[in-house]
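Here are my notes on the model you sent over.

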Amino acid sequence: MPALFGVNGTRMVRRVLPTLTILAIVPLIATISYGQSCTPDALRQTVAQLPDHQKRSDAQKTLIQCGELSAVPLAESLSSPDAGLRLYTVQTLGQMGWNAEAVVPNLLAVIQEDANTQIRHNAVIALDQIVRGGEADLKQLQGWQIQEIQPLIDLKQRLDEVRTALSDDETNWTTKAADR
């Protein structure tokens, strides 16, 4: 593999590795930053804010961002005596799309048992949105053919080869430790 480690090969590695490191760290930082508000207690507090007109939009955004983690606290609120909370819970579940698929049985119960016709109507709409979200996810997954992913697999393999070759290279250069 000497061709990988000529002057141009070393420069390429120095340019690519920092970018790959940043791309790997950004999702972790994003998860940490909003992951703290996705604890069960924080989610229950957020669900409790749904009836508040001033806090509803932010609460819904948080619940939607937390995805499947929000499903249980939202499902619990479907049995609340507060009709406003039940209504906004049903609407939020619909906005979550397929991430709310775990609460479909709860929504079916709301459709059959809730005394409030507006809530029952919105539960039907939420179920439709969840199904449509699942269909959209399925179409997206079907689009990910192996030929579309293959260039990424090839790039990873090449980077692994470069990393191994850097570790095995006995040539000393001034920035060898940083290049590994």
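1. Let's start with a term: a polar contact is a pair of N or O atoms within 3.5 Å; within protein, one must be able to donate a hydrogen and the other to accept it, and residues adjacent in sequence count only if both atoms are side-chain atoms. At the start of H5, a side-chain oxygen of Asp82 comes to within 2.9 Å of the backbone nitrogen of Gly84.

2. A word on what you're looking at. This is a predicted model, where local features need pLDDT of at least 70 and side-chain atom pairs count only at pLDDT 80 or more, while totals for chains, interfaces and linings use all residues. Residues are numbered from 1 along each chain as its sequence is written, and side-chain values use heavy atoms, with hydrogens and water left out.

3. Now the overall picture. The protein chain has nine helices and zero strands (helices, H or I, are DSSP runs of at least four residues, strands, E, of at least two, numbered from the N terminus). Of its 180 residues, 31% count as buried (buried is under 20% relative accessible area, exposed over 50%, partly exposed in between, with a 1.4 Å probe and protein chains only).

4. Back to H5, which covers residues 83–96. Ten of its 14 residues are buried, including Leu85, Tyr88 and Met96.

5. Have a look at H2, residues 40–48: its buried residues are Ala42, Leu43, Thr46 and Val47. Viewed down the axis of H2, they fall within an arc of 140 degrees, so they line one face of the helix (the arc is that of the directions from the helix axis to the C-beta atoms). Why might such a spacing give one face? An α-helix has 3.6 residues a turn, so residues three or four places apart point the same way. On the other side of H2, Pro40, Asp41, Gln45 and Ala48 are exposed. The cover over the buried residues of H2 includes helices H3, H4 and H5.

6. Which cysteines form a disulfide? Cys38 and Cys66 do, with their sulfur atoms 1.8 Å apart (a disulfide is a pair of cysteine sulfur atoms within 2.5 Å). Cys38 sits in the loop between H1 and H2 and Cys66 in H3, so the pair ties together parts that are 28 residues apart in sequence. Cys38 is buried at a relative accessible area of 8%, and Cys66 is buried at 7%.

Definitions and conventions. Contact = heavy atoms within 4.5 Å.
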